[in-house]
Every structure is written in C-alpha cells, then in structure tokens.
Amino acid sequence: MNRRTILGAALLLPLDGLAQTCGVITPRQTEGPFFTPNSPKRIAMVEAASKAARLVVTGQVLSASCKPVPNALLDFWHSDEKGEYDNKGFRYRGHQFADGEGRYRLETIVPAEYPGRARHIHVKVQAPGKAILTTQLYFPGDRRDSLYRPELEVKRLKGEETRFDFVVEA
Ligand SMILES: [Fe+2]
C-alpha cells in the first residue's frame, strides 16, 4: 500500500461510518395484550363525542441510512380517555400508509394513564415487504414505568402537535 492509498482510505472510512450509523433502529417493545388485527384505515381516530385533549403525531418513517420509507405501514392503538381499550371494536385503533416521502400523520386524543403503566401509544411499523417493528410511544414529563424509554418519547412541537420519526429495517 503506498502513501496515497493509505490517505485515501483514511478519508473514506469516516464518511462510510457516518452514513451507516445515521439512524438507530427504533427500540422494540412488547405489543401487550390488546392488539387487534385488521384495524380500519384512517389517519383520524378521534371519537366525535370525546372531550379528551386532542393529540396529533406527525413524523417520518426512515431506514437505518436515513432514507424515507415510502408507503410504510403504521398501525396505531391506544387506550381511551378512561384508560380502557376497545377490545370488541376499533375505537382508537387505525392503520395508515406513509406517503411517498415516508411521512405520516395521526390525529387522535391523549390516552389516559391506566394502572401500572405510563401513558403510551402502541404502534406497529413496517416497510413494504420487511419485518414488523412493534413498539410504544411515550410523552415527555410523564410518570414513568419500567417499560418507559426516553428514546421513545414524542417531541412536543406546538399545542397538540408532536413529532416522532421511526427508523426501521428497510
Ligand atoms: Fe397499552
């Protein structure tokens, strides 16, 4: 190896390293006992009669190399304003597909705490044809429990608007 080759390698390696460590795969969490398959396709899950505080979560689904994942599947479910899940129907359950830039938008309510758990939103995210990533989202400043992970906190933007970007196998 001559001097020029060595210099070249030294310059290239850090750049490659950066590209590969761009995104850390979102931590996985248990799906818990209340997942129901075949949720309706919708971005707005708010029940018209609900007086609960509204919540909007927006963000992007990205690959580990930080490329948007077009048409990623997102399936959300959470408890209602009393901390209860609808296990017979589909209240506060819904799936959607990210747009061509991997962007999604969920319109819902702030779920209530229920005994033993920090407030959370369950979600399954899947790049087309890839493995499903199951996890939960949390709210900054909330009471924590043993599952709570700061990396899974939504970022508060303005008012009811929050943001969370998912990084998945793609
Ligand atoms: Fe839950």
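What share of the 170 residues in the protein chain do buried residues make up? Buried residues account for 42% of them, where buried means under 20% relative accessible area, exposed means over 50% and partly exposed lies in between, with a 1.4 Å probe and protein chains only. The structure is a predicted model, in which local features need pLDDT of at least 70 and side-chain atom pairs count only at pLDDT 80 or more, while totals for chains, interfaces and linings use all residues. Residues are numbered from 1 along each chain as its sequence is written, and side-chain values use heavy atoms, with hydrogens and water left out.

The predictor's confidence in each residue is given as pLDDT, on a scale from 0 to 100. The protein chain averages a pLDDT of 91, and 88% of the residues score at least 70. Over residues 16-20, however, pLDDT stays under 50, and for this stretch the model has three contacts beyond four places in sequence, a contact being heavy atoms within 4.5 Å.

The protein chain holds one helix and nine strands, taken as DSSP runs numbered from the N terminus, with at least four residues of H or I for a helix and at least two of E for a strand. Read from the N terminus, the order of these elements is α-β-β-β-β-β-β-β-β-β. Among the contacts in the protein chain with a separation of 6 or more, 70% are between residues 24 or more positions apart.

Two residues illustrate such links across the sequence. Ser63 belongs to strand S1, which covers residues 54-63, and with 9% relative accessibility Ser63 is buried. When neighbours within four places in sequence are left aside, Ser63 is in contact with Val69, Val167, Val168 and Ala170, and the C-alpha atoms of Ser63 and Gly23, which are 40 residues apart along the chain, are separated by 7.1 Å. Gly102 sits in the loop between strand S3 (93-97) and strand S4 (103-109), and its relative accessible area of 0% makes Gly102 buried. Apart from neighbours within four places in sequence, Gly102 has contacts with Gly59, Gln60, Val61, Pro68, Val69 and Pro70; between the C-alpha atoms of Gly102 and Val69, 33 residues apart along the chain, the separation is 4.6 Å.

Which residues are the protein donors of the iron ion? They are Tyr85 (OH), Tyr114 (OH), His120 (NE2) and His122 (NE2), at 1.9 to 2.4 Å from the ion. Donors here are N, O and S atoms within 2.8 Å of the metal (3.2 Å for Na, K and Ca), and sites may look incomplete because water is not among the atoms. Along the chain, the spacing of the donors is Y-x28-Y-x5-H-x1-H, and both His120 and His122 are buried. The angles among the four donor atoms run from 90 to 161°, and the site is irregular; four donors count as tetrahedral if all angles lie between 85 and 135 degrees, four count as square planar and six as octahedral if opposite donors are over 155 degrees apart and all others between 65 and 115, and anything else is irregular.

Aromatic rings form a further part of the picture, with seven aromatic pairs in the whole structure. The ring centres of Phe164 and Phe166 are 4.9 Å apart and their planes stand at 65°, so this pair is edge-to-face. Rings of Phe, Tyr and Trp (its six-membered ring) pair if their centres lie within 6.5 Å, and planes under 30 degrees apart count as stacked, over 60 as edge-to-face and the rest as tilted. Phe164 is buried at a relative accessible area of 6%, and Phe166 is buried at 0%; together with Phe76 and Tyr104, Phe164 and Phe166 form one aromatic cluster.

Charged side chains also meet rings, a charge sitting over a ring if NZ of Lys or CZ of Arg is within 6 Å of the ring centre and within 35 degrees of the ring normal. The charged end of Arg119 lies over the ring of Phe139, 5.0 Å from its centre, and Lys124 is over the face of Phe35, 4.7 Å from the ring centre.

Asn38, in the loop between helix H1 (3-20) and S1, has a positive phi of about 60° although it is not a glycine, and Asn38 is exposed at 69% relative accessible area. Asn71, in the loop between S1 and strand S2 (73-77), likewise has a positive phi of about 60° without being a glycine, and at 45% relative accessibility Asn71 is partly exposed.
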